[in-house]
Amino acid sequence: MMRQQLQQERDYDYVSFADEATLRRAEEDVRGWLARLTRPTIIDEAQLLPSLPLALKEHTDALSTDNQFVLTGSASIGRKGLGGADPLTRRAQRMTMHPLTRWELAGHPGSLVDRLFDGEIVPGTYRQENDRQLLDRLRIGGFPLYVFPKSVLTRGDLRGRLASDLTMILSDEVMPDIGFNVVKARSVLDALLRRPGGILNATDLGRQLDLDKRTVERHIDAFGRLFLLQWLPNLATEGRRQSFSRAKIHASDIAFAVDALERSGIDILDQREYFGQLLESHVVNELRAHAEWADVRTMAHYWRKASATNPEVDLVFTDDMQRHVAIEIKASTRVSSADAAGIRAFRASRGLHRGFVFYRGSEILAIDDDVWAVPFSLLDDVSSFGPTTRSSGPAPEREELIINSPAPRSSRDDFDASLFVSYVHADNDAQKGRIIKFARDLAETYSFLYGRDLQIFIDRDDIGWGDDWRKRLGNEIASTAFLLANVTPRYLRSQACRQEVLDFASAARAAGEPRLLLPLLWVDIDATDVVPKDDPVRQRLLDTQWIDVKAVRALQPDSIEYEQLVERVAIRLRSTLEARNAPGKMSEPAAEEPDLIDLVTSMNGHREQLDEAVRAFTSSFDEIGSAFRAEPLPQTADMHAASTVFARIGQRLEEPSASLIAATEELGEAWQRVDSDISEFVRLASAFPRATREELSESLAGLSRALDQPGIDQMETIVNMMSGISRQLRPTGRALGGALQLVRGISGSAQAWRTALEAQ
């Protein structure tokens, strides 16, 4: 992808030594071959010509301009040629292309390492991944051809590809001067891969494999040059004693380690120590990749101090100012201050800027001074951190705005209402802070008009975000809790925001106060197709008394029009509060209460229709998968030939895609009917026996399981990638995208209703 970008945007020429004729011509006269190249040029698989770096040194010394050559390869380039020195020293910038990280795959800008050093930490509750989800992610790893395969891979396919790739990498075709016995090399590599994150003892390993220590270390050096392994030196050991001795060894891609363990018959989820070791390697690999493009320049180590207790930290980043960020990785779902014991020992020995304990839970929690427990989802959740600053001071615990009236307040419950402001950080940034400013101006205007106060919680800055609004919804004395949802296309696609809307709407409905969900439409969502028309979250928002604030984007904050718009929202809040406090509270407009028997009958009929729609949906999805498997994807660099194949695949997928679109629409309509029934059921839940409520809850759980289509995420990623190459596949990409968005919406809505039922 980088090569294609350079070719397209900067007009680089491209040659590859994978082409035998090109390699032979270069071997015959490397200096003459270089002189004949059109500059600038990308030379791929450059490691196949060991004499190239020295010749390139002499060639570039005679040039008057820089940036004329880019060397790429599947092994280290230019480490030999001048008595073991690198001929390209001070003439080239080296970059290691690590496997793709979760952050990159999610499309987030910037580096997580910068945020670990200087980002504003946002405590709160985030997505939690279960063991099987994590292990599935580890099996695939991060190499592009595994993440974006040319066809949908089964686990057996993936294992076969890993085995084939390792065989090729360890052969002379990749590094001709390596001189390895492939069988012996594979045994050394497997032994290392089966101890992810283990501290190397070359003598013991050699004894196990009947090899001497120097042979083991020679293999490890070669594995590093082949990008199969990487290692962390011990920060507690003197620099002159560092080589491979007592280093922690990690697979460069975690997929190799998972494969090696499973080939040896180990059940990773059953033998938990291996699962913990893999998670450690996974986090280390992800963060070391982030360090490559971070603004903060760092060195990476682990730390283990020889003492009676042998305190240890899994990963330590040290920047140019000698600030240390210490990281521990735990496989547990709960964490306490005791889990930071190694970080505290490191602080006492070396000093500490910040510490983090990665664990399998869902909350970011402060567990010690400048030490936080963070979930694994931090690796791809940009909302976990606010903006980065180079200040070394601690980040504020939360951002909260309280507009005070002249009269003193005795407690938080004296506020008229609590507003929980839900938004996407990128939207606020794109609007130059207008979203947060609007919320603050709303509180100021309300206080001016009515002499009463509003309490505002900004985004996820309070650990008790969800607990707080749930408590306030259920407390008659406490102030009303509104969810101020700032709706944009990105908001509709944000999984965190989507679940927030579903949870809040369900809880408000169960509390008999459905009008407490207050959407502010910043963009015309009818003009976007990021979610289908029958998306459950979109429907929840549009079913409310939403307010159009699109004009805010074009108004000056000090204009009369802006002030009138803010005042209109403040008046809407006040009228809602008055209705809440009036006799009868905020229940729906007076209407005849539904007959319970009629409601149950309606629910049963609509659930049968939903079951039928689910069966049709899963059948249509299976047809897409079958069509994919029936037509091999192009294996050629000839774009004309590839285009012909893509056109044929697109034609084959045309009918299944149309079928999936129709099935998705039918499923959405069926869910809307069931969702409406459940809304009434939850409102009247106390009238139903507990057994009936539990039966409905289990039915909703079963619906989520039925919609959990294996491979749908991966297939959507593959199709979207290919859609950028071939327009014939774009209809299928849109069909899968709509299907996936609806499935996620229904599953999230079902979970929100289950939570509301359990609270009854």
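**Close-up 1. Salt bridge between R207 and D204.** R207 pairs with D204 in a salt bridge whose closest N and O atoms are 2.7 Å apart, a salt bridge being a side-chain nitrogen of Lys or Arg within 4 Å of a carboxyl oxygen of Asp or Glu. The model is predicted, with local features needing pLDDT of at least 70 and side-chain atom pairs counting only at pLDDT 80 or more, while totals for chains, interfaces and linings use all residues. Side-chain values use heavy atoms, leaving out hydrogens and water, and residues are numbered from 1 along each chain as its sequence is written. R207 and D204 both belong to helix α11, 3 residues or about one turn apart (helices are DSSP runs of H or I with at least four residues, strands runs of E with at least two, numbered from the N terminus). R207 is exposed at 58% relative accessible area, whereas D204 is partly exposed at 33% (buried means under 20%, exposed over 50%, partly exposed in between, with a 1.4 Å probe and protein chains only).

**Close-up 2. Salt bridge between E312 and K248.** The side chains of E312 and K248 meet at 2.6 Å, N to O. E312 lies in strand β10 (residues 312–319) and K248 in strand β8 (residues 248–251), so that the pair ties together parts 64 residues apart in sequence. Both E312 and K248 are buried.

**Close-up 3. Salt bridge between R490 and D427.** In this pair, the closest N and O atoms of R490 and D427 are 2.8 Å apart. The pair links distant parts of the chain, with R490 in helix α19 (residues 489–493) and D427 in helix α16 (residues 425–430), 63 residues apart. R490 is partly exposed at 44% relative accessible area, while D427 is buried at 7%.
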